[in-house]
Amino acid sequence: MQIVKSVAEMQSICRKLRMQDGLLGFVPTMGALHKGHLSLVQRAGAECQTVIASIFVNPLQFGPGEDFAKYPRTFEQDCRQLEAEGVSVLFAPEATEMYPTGAVTTITVPGIGDRLDGASRPGHFTGVATVVAKLFHVVAPHRAYFGQKDAAQLAVLRQMIQDLNFDLELVSCAIVRDADGLALSSRNKYLSIPEREQALVLHRSLTKIEQSIASGERRSSTLLQIGRNTLETAKGIRVDYLAIVDARSLLPVASAERDVLIAVAAYVGRTRLIDNFLVA
Ligand SMILES: Nc1ncnc2c1ncn2[C@@H]1O[C@H](COP(=O)(O)OP(=O)(O)OP(=O)(O)O)[C@@H](O)[C@H]1O
Ligand SMILES: CC(C)(CO)[C@@H](O)C(=O)[O-]
Ligand code: BAL
């Protein structure tokens with residue numbers, strides 16, 4: 001696996017790769033890799049001739065007081081895992097390489113980018129859209145793989161790709177969970193043993209809502225109450241949002257029909273976790 005730190009070198013490598021036969025698949029990450037990330041790499045490997053990954057903890061998407069400085073960084077281990085999964089090239093630039101003049105030009109997706117996580121983390125999705133657009137320009141993949149766990153991020157990027165005519169296909173990949181249901185996340189590393197137990201309430205509240213939908217309840221107001229009642233049973237949890245929204249616009253809907261997103265974000269101690277499911 002080639003590890004590349006310079007934008008110019010990465011562009012030159014990707015230009016040559018695009019001249020070869022087969023698809024170029026791209027998996028952007030912030031590192032501290034777990035099986036969720038690896039599932040994206042595996043899917044890309046099954047569908048594409050060449051897989052490219054990136055590791056970049058993007059300062060632009062962290063707000064003041066958020067965890068940029070302490071975000072887990074496990075670069076050597078990440079490289080070993082990506083290499084074992086058959087990744088050809090890893091792009092791992094420094095912030096000075098990605099933003100040599102600071103972030104003068106940025107991309108904002110108004111509306112969608114201000115909803116869910118965008119409401120709780122002002123500026124977050126401008127940081128995400130800007131860095132992902134830059135990565136797309138550097139790599140120019142045929143397909144880019146993202147996790148359904150970050151459902152609001154998917155909605156923002158889908159809109160950006162459409163509006164700015166990026167010539168690529170966005171592939172959304174299923175959420176990978178631990179055996180007890182907790183969605184894998186790099187931030188799970190912050191949890192103490194009791195907090196990890198408390199964190200299970202996110203998935204539990206979604207499961208309760210899912211079961212109610214399966215029994216025929218579709219009214220968002222009732223489903224939200226069922227979810228809130230479950231979340232309230234847990235100690236040490238501060239709910240950021242529990243929402244039933246259209247998966248593309250992220251606007252609230254009155255009834256949970258197909259392709260509606262049911263999403264939760266909550267602080268477990270000081271750690272903010274998210275989880276969701278799409279109504280089938
Ligand atoms: N459990 C998971 N299942 C599937 N995809 C995932 C999972 N966790 C993260 N991803 C995806 O991996 C990509 C990189 O995400 P990122 O590096 O932010 O990891 P993360 O575990 O979500 O970390 P964080 O704690 O910052 O949310 C994103 O597209 C994200 O949606
Ligand atoms: C897409 C991404 C790599 C952009 O920094 C990040 O938001 C993430 O890991 O989900
Ligand atoms: N997975 C989204 C990255 C972030 O929380 O900043």
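Colleague: Before we start, how are residues numbered here, and what does a local feature need in a predicted model?

Modeller: Residues are counted from 1 along each chain as its sequence is written, while chains are lettered from A and ligands numbered from 1 in the order in which they are written. In this predicted model side-chain atom pairs count only at pLDDT 80 or more, totals for chains, interfaces and linings use all residues, and local features need pLDDT of at least 70.

Colleague: Which residues does the UniProt annotation "binding site" cover?

Modeller: The annotation comes from an unreviewed UniProt entry; its positions are given in the numbering used here, feature names are shortened, and annotations may be inferred rather than shown by experiment. The residues span 93 residues in sequence, yet no two of their C-alpha atoms are more than 11.4 Å apart, so they gather at one spot. The entry names Gln61 and Gln153.

Colleague: Is glutamine 61 buried or exposed?

Modeller: Glutamine 61 is found in the loop between strand 3 (50–55) and helix 3 (75–84); helices (H or I, at least four residues) and strands (E, at least two) are DSSP runs, numbered from the N terminus. A residue is buried if 20 or more other C-beta atoms, placed from the backbone, lie within 10 Å of its own, exposed if 12 or fewer, and partly exposed in between. Glutamine 61 has 21 other C-beta atoms within 10 Å, so the answer is buried.

Colleague: Which residues is glutamine 153 in contact with, leaving aside neighbours within four places in sequence?

Modeller: Glutamine 153 is found in helix 7 (residues 151–163), and with 23 C-beta neighbours inside 10 Å it counts as buried. Contact requires C-beta atoms, placed from the backbone, to lie within 7 Å. By that test, the partners of glutamine 153 are Val128 and Phe146.

Colleague: Which element gives the most to the shell around ligand 2?

Modeller: A residue is near a molecule or strand if its C-beta atom, placed from the backbone, lies within 6 Å of it. The residues around ligand 2 include Gln61, Val128, Asp150 and Gln153. Strand 2 and helix 6 (124–139) each supply at least two residues, and the one giving the most, with three residues, is helix 6.

Colleague: And how many residues does helix 2 give to the shell around ligand 1?

Modeller: Of the 18 residues around ligand 1, those that come nearest are Gly36, Gly147, Leu184, Ser186 and Arg187. Helix 2 (35–47) and strand 5 (143–147) each supply at least two residues of this shell. Helix 2 gives the most, and its number is four.

Colleague: Over how many bridges do strand 5 and strand 6 pair?

Modeller: Strand 5 is mostly covered, with four of its five residues buried. Two strands pair if DSSP finds at least two bridges between them. Strand 5 pairs with strand 2 (residues 24–29) in the parallel sense over two bridges. With strand 6 (residues 169–173) the sense is also parallel, and the number of bridges is five.

Colleague: Why is one side of strand 7 and of strand 9 left without a neighbour in the sheet?

Modeller: Three strands form an open antiparallel sheet in the order 7-8-9. Strand 7 (237–246) and strand 9 (271–278) stand at the edges, so one side of each lacks a neighbour, the reason being a single partner strand.

Methods: Two residues are in contact if their C-beta atoms, placed from the backbone, lie within 7 Å.
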